Amino acid sequence: MSAAKEAARSAGKAPDAPTAARAPRVVSGTVIRSRAGAVSVRVRGRTLAASAALLGLLLAVALVTLSTGDFELTVGEVLRAVLGQDSGGADFVVNTLRMPRLLTALGVGAALAVSGAVLTSLTGNSLGSPDIIGFTNGSAVGALVVIIVLHGSMTQIALGALVGGLATAAAVYLLMLGRGLQGFRLIVVGIGVSALLLAVNSYLITRATWQEAMEAQAWLIGSLGNRGWQHANAILLAVALLLPAAFLLSRRLGMLEMGDVTAMALGVNAARTRTALLIVGVALAAVATAVTGPIWFVALAAPQLARRLTGASGPALAPAALMGALLLATSDLAAQRLFAPALLPVGTATGTLGGLYLIWLLITESRKSRA
């Protein structure tokens, strides 16, 4: 048995079976239809309850973030500042210092989580997140080229990261051209490309001056520090454009999880749908990385936690977005408050928590494969 087939068997997946139908999923919940019947939405009570709980926790974290710190504020002062009814120090602290950072965290967390949910669903593997299969490292290469070779500004660094992520996705697509974007093959190719890009990152840093290397390393850690309204507006615009596209394609994504044969029988063009979803997922990850630098493991952990919380059998993109925003906002709050006055980058916090989660996930998957 080849190594690829053995690895696929141990993960509980059939290697490269694009036409094999998977076991049908149990569909539950209430279907809400428009009067003409053109639009229908299936609503599950557990998903609604979980989403409401996540939203409540998210609002609580936002209030704590905006009201605590070196300049303490009451909830009333925060609300008046948000509503534009306070022109004093509270307005400056909330709307100039804290709000852009919070909104950037929420947008980046949601973007990474939905990207991870889309890519793990496409690959049919819990490890198919953008930071595992190379797209995040591609964005890092683009940013490092601008920092070290072109000596660009922050805006140019963000643009370089975006171009790097999209170029990596194009390279992976070309390597798989004619063979289909199947899960196991996509992960293997992505991990290989990621290893090559990591070597390129190391080479670029060795060729940099001391100052350039320090700047590059600071960007590679991933941070929400010094993020202003330009960063918040950029990620919120990307989220406003890309998340609706992901949500519109989520039904087809759920059909693809049942197998290509079943999806095509239901009228879904499997190849085009996979390509469109891949573009949306990579764009979300690339924009998020361009704004903050690499934030590890949010894209890996958030979709899995959202699925376990909602009990959904298919992709739960909206709960995943809420979970990702909550994870990143909470991690940033902890990094700011627990380690003050030290300035701990949020990428360090998510990397530590994500590493522990990855170990737990690998142990769990190993036990499932032996069962």
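T310 sits in helix α12 (residues 298-310), with helices taken as DSSP runs of H or I of at least four residues, numbered from the N terminus. The model is a predicted one, in which local features need pLDDT of at least 70, side-chain atom pairs count only at pLDDT 80 or more, and totals for chains, interfaces and linings use all residues. Residue numbers start from 1 along each chain as its sequence is written, and side-chain values use heavy atoms, without hydrogens and water.

Let us stay with T310 for a moment. A polar atom of its side chain lies 2.9 Å from the backbone oxygen of A306. Leaving aside residues up to four places away in sequence, T310 touches R44, R46, T47, A50, A316 and P319; contact here means heavy atoms within 4.5 Å.

Buried means under 20% relative accessible area, exposed over 50%, and partly exposed in between (1.4 Å probe, protein chains only).

| Residue | State | Relative accessible area |
|---|---|---|
| T310 | buried | 0% |
| L63 | partly exposed | 33% |

The largest nonpolar core has 75 residues, of which L122, F135, I235 and L328 touch the most other members. Such a core is a set of buried Ala, Val, Leu, Ile, Met, Phe, Trp, Tyr and Cys residues joined through side-chain atoms within 4.5 Å. Helix α4 (residues 89-123) gives this core its largest share, 16 residues. Another core, of 15 residues, lies apart from it and includes V146, I147, A216 and W219.

Note on methods. Helices (H or I, at least four residues) and strands (E, at least two) are DSSP runs, numbered from the N terminus. A polar contact is a pair of N or O atoms within 3.5 Å; within protein, one must be able to donate a hydrogen and the other to accept it, and residues adjacent in sequence count only if both atoms are side-chain atoms.
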